[in-house]
Amino acid sequence: MILPEFDPESTSTADLKPTLDLLADLLISTTHLAVLQHLLEAEESASYWVPLSTDDPNPQSTALALLDAGAHKLVIPLTLLSQNPDAFADLPVDRLAVSTTLTDPQTAHHLDPVLQLVSAYLVTFPATDPADIHANLALNHLVSLGKTSLLPTGGARRVVVRLPNIVSTPDLVAQLDRAGLDLLVNASDLTTAKNEPEKLNLGAAYAASLTSDRPDGLFPTLVVDERDVALGLVYSSVESVTESLRTGQGVYQSRARGLWHKGATSGATQTLIRVAVDCDKDTLKFVVRQHGAGFCHLNTLTCFGHPRGLTALSRTLQGRKQSAPAGSYTARLFSDADLLRSKIMEEAGELCDAKSKEDVAWEAADLVYFALTKCVAAGVSIEDVERNLDRKARKISRRKGDAKPSKQEVAPKKEQDPTPAPIPVASRIQMQHHTHSTLTPAERSKLLLRPIIDSADIISRVSPIMADVRARGDAAVLDFTHKFDRVRLTSPVIRAPFTPEAMRLDLQTQHAIDQAYDNVWRFHDAQMDRTPLVVETMPGVTCTRFARPIERVGLYVPGGTAVLPSSALMLGIPAKVAGCREIVIATPPRPDGTVVPEVMYVAHKVGASCVVVAGGAQAVAAMAYGTESVPKVDKICGPGNQFVTTAKMIAQNDSSCMISIDMPAGPSEVLVIADADSNPAYVASDLLSQAEHGADSQVVLVAVAMPPAHLAAIDDQIHEQASRLPRVEIVRQSIPKSFVLSVETMEEAIRFSNEYAPEHLILHTRDAEKLVEKIDNAGSVFVGEFSPESCGDYASGTNHTLPTYGYSRMYSGVNTHTFLKHITAQQLTPAGLDALGDTVMRLAEVEGLEAHRNAVAIRVRDLRN
Ligand SMILES: NC(=O)c1ccc[n+]([C@@H]2O[C@H](COP(=O)([O-])OP(=O)(O)OC[C@H]3O[C@@H](n4cnc5c(N)ncnc54)[C@H](O)[C@@H]3O)[C@@H](O)[C@H]2O)c1
Ligand SMILES: N[C@H](CO)Cc1c[nH]c[nH+]1
């Protein structure tokens, strides 16, 4: 067989790539990790062999990362493998190949010691004479290695040779094949075109390895769908294989009609997904995506009738999605996400409870039905799910597979693990890169946007929750807590005074909270408006403005993926400084139904009247409308996920509950401006500190006139630091959605940042303090390399509840004024009224408001008589 070699960084062979993918095995000739990563992520059906570089400083972890990312075979240079065979000894043999160049045939035996470690040899012979292939000592030795025993996982070792000084022809392929050797052919030497005789035709080269035991020389060809369901049996010829690869369609050899482009007349065409050959190379398998009524001329999917099982269910659901009658149960399932969610949860519960074989099969079938409905509703096919399973199966570093804490009814109390987390090995964690000068205006505008949230969908999920809490009060809050937080509580409220046990902390934590409290208090206390504003606008006319606290405030402290006692400080302190009469704190429960002692301690310090043990929209609704036990408040403040933020917005617009909110404070973001003076490790650490908040966090690096090596150092730091984080799985989701923007000047950087209006802005630049006056939009600015955002997040004094999504253009972050309202007053003396009277009366006349005019006229008349 041939093994094509493809260079992803060369544009000249890019057009051939989709065809090469059809042949399954493909050697990718780059050791550029980011490029490999990108290819592996996009891979749908091919099997990539990827090389490991001899220069790799940590080949063992790169090997694991590449295999986890989906590489089918890792090609390790012989020097690397021989130096440290133990480093690769635990990796699966069927996923490893060894590569070497043999200038001296005598050195072929150097390959012997690694025999047990690999399932393939990739050997380059720079000086092989084609006439001498069989006589060649080294090749013969390789042939014998290839025939050495079966692999532990089944299958045979492959021996692939690269003969750079020999022109590749179908005859050469056939000759090598008979000796048990495969030929490596560079993609630039291959073609699918009919009129490029100087190149090797891919179809002819592929077919050269086939043998036929039929008098007509045809090859029986099994046609299957992507799930390997047999659609029918046909025949192929060299010509039809060539044509099929050229067109990417199912093309066969009809014994009656010659070359047969399947579906050309019926419309039931096939997209070719993969071609494979059986173990003795006399039968082909074509994996196709079948279009139209089906493969069979009788309009059934297969020549053996209609499909069964998952294929049948998937097709039925696809059909129903197109045509289920409005109002039918299936149509409701497709359109009502909550109904479908409840069914999936219900069936999952029933499956867990099932005992007998029959019951388990019955309940599993029900669950699969609703799970597949969810897939079809989301445009996901059963083939997509199987591809996903296959990808997961290729991962070799396994997760422990414990249930997530939020999915356990009652989780044991977390113990602090004294050993540092091991470095999780997986694919490279990397931000996208853009260059400002090459962006079109549309591309630039797109970078200014945040990941889109389907607000209509979230509103439709949050509104029923809020309505239910409004109607059923505590009972609804408890039900939603059970549903979303998996905890069955008896009361949603813990009232002050809180018990010492509930607030018990170790001394170090208590000291840290106390110090943060003092700094945040100092900064917010300084913001307090204690002295009324008094202005005599004209003699005898005195206007004043004075502040009063908002009486009752509700503070939301997030607790979904991380519990944030720091948010309790950031909200509770300004509320207390402002003098709010009632402070209510809401936060989701832990799996055991309690609230973390750190939040309880802060609640106590700020004088909260109670802690509402609920999260999400139900907590917001409880504080907005009030329930039997949750006090109704006048204003709700605090950050949270999309459910929390949407609930706050809905409540604010519902005049029946009369509340206000602080601002939309959604998923955390940071924009870092860094220049060539910056420290790559510091820059990366700041970006990661926000990327770890949630999968929807967005972090941006604006790199000013930064040399490529400096940028690469930041990239490397991001990967290295991220790989060590306990929340690496979250970072893995947020970092690829985030981006680096290279700009040439500081002016461009500031302009972009002001338009982006980040929640946090960090300046890693020379003379950073001089830039501050140029900042027009940002929630909070961190100036210079020794001012990490973490200080503001916890303890320096500024507030961390800040506007996201670009709302820093018009909103301030939480501050003491958030909890105050301002009342104005005025007092006029007789002389003042006499002096101002005519102006007011004239303006009232202009507006046609006679009673307004009269209220002044009646007094002025007295004063002037
Ligand atoms: N902008 C800021 O100032 C700031 C500050 C701190 C945190 N944050 C952000 O706050 C967010 C906190 O989010 P979180 O999820 O960790 O905690 P959270 O407390 O905001 O939300 C958790 C709650 O969401 C509810 N929920 C979960 N899934 C649901 C579903 N499918 N339907 C309805 N409700 C559901 C549950 O009741 C759960 O208790 C993060 O995005 C973080 O970045 C922002
Ligand atoms: N960075 C968050 C504001 O977006 C606040 C926070 C809390 N804990 C840690 N950080």
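In this predicted model, helix α12 (residues 337-353) packs against helix α13 (residues 357-377) at an angle of about 155°, and the two axes lie 9 Å apart. Axes are lines fitted to C-alpha atoms, for helices over the stretch in contact, and angles run from 0 to 180 degrees between N-to-C directions. Helices (H or I, at least four residues) and strands (E, at least two) are DSSP runs numbered from the N terminus. α12 and α13 are therefore roughly antiparallel to each other; angles under 35 degrees count as roughly parallel, over 145 as roughly antiparallel, 65 to 115 as roughly perpendicular and the rest as oblique. The crossing of α12 past α13 is left-handed, a term used if the near helix is turned anticlockwise from the far one by less than a right angle, with right-handed used if clockwise. On the α12 side the contact includes Leu 340, Ile 344 and Leu 351, and on the α13 side it includes Val 360, Leu 367 and Phe 370. Residues count as in contact if their C-beta atoms, placed from the backbone, lie within 7 Å. The residues of the contact of α12 with α13 divide into 10 nonpolar, one polar and six charged. In this classification Ala, Val, Leu, Ile, Met, Phe, Trp, Tyr, Cys and Pro are nonpolar, Asp, Glu, Lys and Arg are charged, and the others, Gly among them, are polar.

Residues are numbered from 1 along each chain as its sequence is written, chains are lettered from A and ligands numbered from 1 in the order in which they are written. Because the model is predicted, local features need pLDDT of at least 70 and side-chain atom pairs count only at pLDDT 80 or more, while totals for chains, interfaces and linings use all residues.

α13 also packs against helix α10 (residues 309-323), at an angle of about 50° and with axes 10 Å apart. That makes α10 oblique to α13. α10 passes α13 in a right-handed crossing. Leu 313, Ser 314, Leu 317, Gln 318 and Lys 321 of α10 meet Tyr 369, Leu 372, Thr 373, Val 376 and Ala 377 of α13. The classes in this contact are six nonpolar, three polar and one charged.

A further pair consists of α18 and helix α20 (residues 597-605), which pack at an angle of about 40° with their axes 11 Å apart. α18 and α20 are therefore oblique to each other, and their crossing is right-handed. Thr 509, Ile 513 and Tyr 517 of α18 are in contact with Glu 598, Tyr 601, Val 602 and Lys 605 of α20. Four of these contact residues are nonpolar, one is polar and two are charged.

Of the 30 residues around ligand 1, Gly 560, Gly 615, Gly 616, Pro 639 and Gly 640 come nearest; a residue is near a molecule or strand if its C-beta atom, placed from the backbone, lies within 6 Å of it. The elements that give two or more residues to this shell are α17 (474-485), α21 (616-625) and α22 (642-653). By class, the shell has 12 nonpolar, 15 polar and three charged residues. Domain 4 (455-661) and domain 5 (669-797) both contribute to the shell, so ligand 1 lies between them. The domain bounds come from an automatic or database domain assignment.

Most residues other than glycine have a negative phi, and most peptide bonds are trans. The peptide bond from Ala 496 to Pro 497 is cis, with omega near -5°. Pro 497 is in the loop between β18 (493-495) and α18 (507-525). Ala 24 has a positive phi of about 75° although it is not a glycine, and Ala 24 is in the loop between α1 (17-22) and β2 (25-28).

Conventions:
Two residues are in contact if their C-beta atoms, placed from the backbone, lie within 7 Å.
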